[in-house]
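Let's take a look at one strand and the residues around it. Here is the model to follow along with.

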Amino acid sequence: LEPKTEELVLFGGAEVAASTPPSIVGGRSFQGQLDATFTPSDSAGAIGTTRYVQLVNRRFAIYSRTSATPLSSGTLNAFAGVSSTVKVFRPQVIWDPTTARFYYVMNATVSATNQRLAYGFSKTATPTTAADWCKYVIGGYGSLFPDFPRLGDTQHFAVVGVNVYNSTSVFQRADVLAIRKPPAGSTCPTAASLQVTARQNLKDTSGNRIFSPTPANQIDTASDGYIVARNLSLPSNRLWIFKVTRNATTGAAVIDAVGKALTLPFTTSIPPDATQGGLTQKIDTGDTRLTQAVLAINPLRGATAFSLWTQQTVANNGTSAVRAYEINPVSTTPTLRRTEIITTPLGFVYNAAISSDRRVDGATKAFGGSVVIAANASSAFLNIPPGIGMGSSVNGSKFYSGALVKAAIGPYRDFTCKTAGSICRWGDSSS
């Protein structure tokens, strides 16, 4: 169980594993939601026992797991239940096996001096329309902007991490909000009964601010939840782990104000923008922020051993690559169980998402020792426009080289990056 570093190569290159990688089996493929008037798309999705929910800037769709045609679709404003004059964007959605509901959060800008978050959850496990959701707004930020909301949960709380900026876009602090999960039943509880707990200005052990707190989405129910964040100052060889617990007397959330250091065996730094085949426009690969995290039992580590899986895009010898992590967050000092670097020869890898294959469906609980990671890759040198690749580690084996899941139909640009050599926003989110 010692930490080990392995390399997964997307879109070709030598395989790291000696055995044959599993093939990707063709399945249903369908056109997702699109709003060509807004960029980036910040696409997010979550799948439950019978439904798949897709959110993008600025639309939603709810699908049955057995159909490629939406049961319903519409604007994010209708989904969140806010006026059409409110700017809603940067949506997140997760499935929670503990309460058998979907949860969402997104930015909701009423005005420059009234910045809010829209938050809610499905009334049941089988929402069909926008009417099948309980909807709320979280205020109190005023002219401060709670940017880049990330959504996760614990047994008792939905957990939201945000970066807070002032009106001139200067970073102020990182906050975490914990919102009590609803009781059983399809009746929407009062806002007051949900009891929001806020921990403002999260810091590291030296008193420095941290950046982009990302709560883990729990697959297995656990009373404690975990948040992973990057160092504010880069380059850095540390991540920071914060814990969310429940006060046994009051039932309120207790959120760490100071994180615990996870020391990495390497240093990470901001990656360059990605080149792509067919255009001189480059694609923004981000600033090493962690975009999603999953907490699940990994039976290879023990029958009840939890692992936190997460990833970030980092600089790699003049290109960008993805660093994937398996972390033990439960110990007094968080430890790195495993890390992988995902690259592509002479190209860029970015915008990844990682998850184990853990299944929790009511009383059915299985798997958890295998991992899949997806990412985009592109290269001007190889004339590759942005495509989607996936790689896997089966039952703790070395990561297999990546397989091309979907090739691009051409290079990417939108109305914000028409000029040759400009930077296009591919998206800040992954799920």
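## Ground rules

Buried means under 20% relative accessible area, exposed over 50%, and partly exposed in between, using a 1.4 Å probe and protein chains only. Helices (H or I, at least four residues) and strands (E, at least two) are DSSP runs, numbered from the N terminus.

This is a predicted model, where local features need pLDDT of at least 70, side-chain atom pairs count only at pLDDT 80 or more, and totals for chains, interfaces and linings use all residues. Residues are numbered from 1 along each chain as its sequence is written, and side-chain values use heavy atoms, with hydrogens and water left out.

## Strand S11

Nine of the nine residues of S11 are buried, so the strand is largely enclosed by the rest of the structure. Phe157, Val159, Gly161, Asn163 and Tyr165 point one way, while Ala158, Val160, Val162 and Val164 point the other.

## Its partners

Two strands pair if DSSP finds at least two bridges between them. S10 (residues 145-153) runs antiparallel to S11, with seven bridges joining them, and phenylalanine 145 sits opposite tyrosine 165. Three residues separate S10 and S11 in their hairpin.

On to S12 (residues 171-180): nine bridges tie it to S11, again antiparallel. Alanine 158 has isoleucine 179 as its bridge partner there. The hairpin of S11 and S12 has five residues between the strands, and serine 169 takes a positive phi near 65°.

## Zooming in on valine 164

Valine 164 belongs to S11 (residues 157-165) and counts as buried because its relative accessibility is 0%. Leaving out residues up to four places away in sequence, its contacts (heavy atoms within 4.5 Å) include Tyr141, Leu144 and Phe171. Valine 164 and tyrosine 141 are 23 residues apart in sequence, and 8.8 Å apart C-alpha to C-alpha.
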